[in-house]
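I opened a new page for this one. Plan: look at how the chains meet, then check a couple of residues.

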2 protein chains.
Amino acid sequence: MDKPTFRQHISSQFNAELEDVRQRVMAMGGLVEQQIIDATSALMSLDAELAEQVSRNDAKINQMEVTIDEECSRILARRQPTASDLRLVYAIIKTITDLERIGDEAGKIGRMAKDLASQERIQENMREVQHLSRQVSQMVRDALDAFARMDVMAALNVARQDREVDREYEALLRQCITFMMEDPRTIRRVMDIIWCVRALERIGDHAKNIAEYVVYFVEGKDIRHLTLEAAEQEIQQR
Amino acid sequence: MDKPTFRQHISSQFNAELEDVRQRVMAMGGLVEQQIIDATSALMSLDAELAEQVSRNDAKINQMEVTIDEECSRILARRQPTASDLRLVYAIIKTITDLERIGDEAGKIGRMAKDLASQERIQENMREVQHLSRQVSQMVRDALDAFARMDVMAALNVARQDREVDREYEALLRQCITFMMEDPRTIRRVMDIIWCVRALERIGDHAKNIAEYVVYFVEGKDIRHLTLEAAEQEIQQR
């Protein structure tokens, strides 16, 4: 199977186009990552102003997705890429869908932060929520790094992190439920926290998806619906 | 702008390939729709066996997604489609991602049904949950119909239904929270119901996404991040 490289094109113009769209994906990813950090910060400090800013930025992310989609369409129509170039465009088309949805989830956390800012403060669980947020924003960063370097091992590492995130999510959810049972007056507020925790868990899933597209691009193998062990075995067989 | 048609190709083989992949999307959509119905049925009757079957079918849906992705990659590489053919392939690539995620959401409802089957029964809210489920499976059916006929008006109608679904979702969520506050012993079970309601709401969002790809295919316009009113205006300007 052909090994991907960015330097194999006769057309340097085509190279420049691919590099441009790749850069746009990285920029979109950077903004998305910042949104997770800001949304969580707004949640921790119950900062309605920062939460509002997260909402405003979501429109930018949406616009970036539309622009990159148009760019990919144009490249497919004009350049008619094959082999690894085609896989790169394919991976980008899939990646930006997940980035946009990570942006949506960060937006939800922002809305919850705004909602909670007007209510009585909850102290419990918040440290764990922040910890989970750090974990998933790290996952997004690692997935984007793996994408930038087209590094399969780094991508598999992101998939591994998702298991840890799922465990923390389950534990945090159980804590929230116990907390509601002990003090039913907190149910409404804890439900808002639960939605944030859920959004963070979903962000982890999307980061994992992005990592899987990296593997598809580099190896030409679709590992999306394999277990982690099966995926690692597939890749070692190359 | 070129108007899409399936009969404009010199190559009848190419036509056959596009038709084949379109048929596969419809088949995948049909299975996904059945999964929503079965998962909800399992939830209503607390039928652990049917819930188990929903879990098993999810693997089939995942496999369908991988196969259609491979097919689309091959078409892009060999046929190098342009104009409306390219938009069709693009719309298919996006559509199957949403169909797969609808399948995931149905799978979650199946898992909740299994979990609830081993607990004490809850009577409350269940009629409303079933109603919401009917609404969203209708949305999925309508989105697939719009896709099959490439019918923009039908697609916009799906987007309109999503508003109604969101309203019902919000109302149902408020009921669930009230119910937990009135009887905290039900919190664990009601949380399972809440996850199902959330999954149904997400299914509505994915159906709306599919409808938006139909508009993109037919009109060449990306309406994903517009309000419904703005989208309708865009389309009337053609």
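**Ground rules.** I am working on a predicted model, where local features need pLDDT of at least 70, side-chain atom pairs count only at pLDDT 80 or more, and totals for chains, interfaces and linings use all residues. Residues are numbered from 1 along each chain as its sequence is written, chains are lettered from A and ligands numbered from 1 in the order in which they are written, and side-chain values use heavy atoms, with hydrogens and water left out.

**Interface.** I looked up the contacts (heavy atoms within 4.5 Å) and got 42 residues of chain B against 42 residues of chain A. The buried area comes to about 3800 Å², with 58% from carbon and sulfur atoms; that is the accessible area (1.4 Å probe) that two parts lose on being put together, summed over both.

Next I ran the salt-bridge rule (a side-chain nitrogen of Lys or Arg within 4 Å of a carboxyl oxygen of Asp or Glu), and it finds eight across the interface of chain B and chain A. One of them joins B:Glu65 to A:Arg224, with the closest N and O atoms 2.9 Å apart.

Which elements of chain B give two or more residues to the side that touches chain A? I find helix H2 (48-79), helix H3 (83-117), helix H5 (152-182) and helix H6 (187-219). Helices here are DSSP runs (H or I, at least four residues), numbered from the N terminus.

**B:Arg101.** I found B:Arg101 in helix H3 of chain B. Buried or exposed? B:Arg101 counts as buried, at 8% relative accessibility (buried is under 20% relative accessible area, with a 1.4 Å probe and protein chains only). Setting aside neighbours within four places in sequence, B:Arg101 is in contact with A:Asp98, A:Arg101, A:His206, A:Asn209, A:Tyr213 and B:His206.

**B:Ala39.** B:Ala39 is in helix H1 (residues 12-45) of chain B and counts as buried at 0% relative accessibility. Not counting residues up to four places away in sequence, B:Ala39 touches B:Val54, B:Ala106, B:Ile109 and B:Gly110.

Conventions. Buried < 20%, exposed > 50% of the residue type's maximum accessible area, 1.4 Å probe, protein only.
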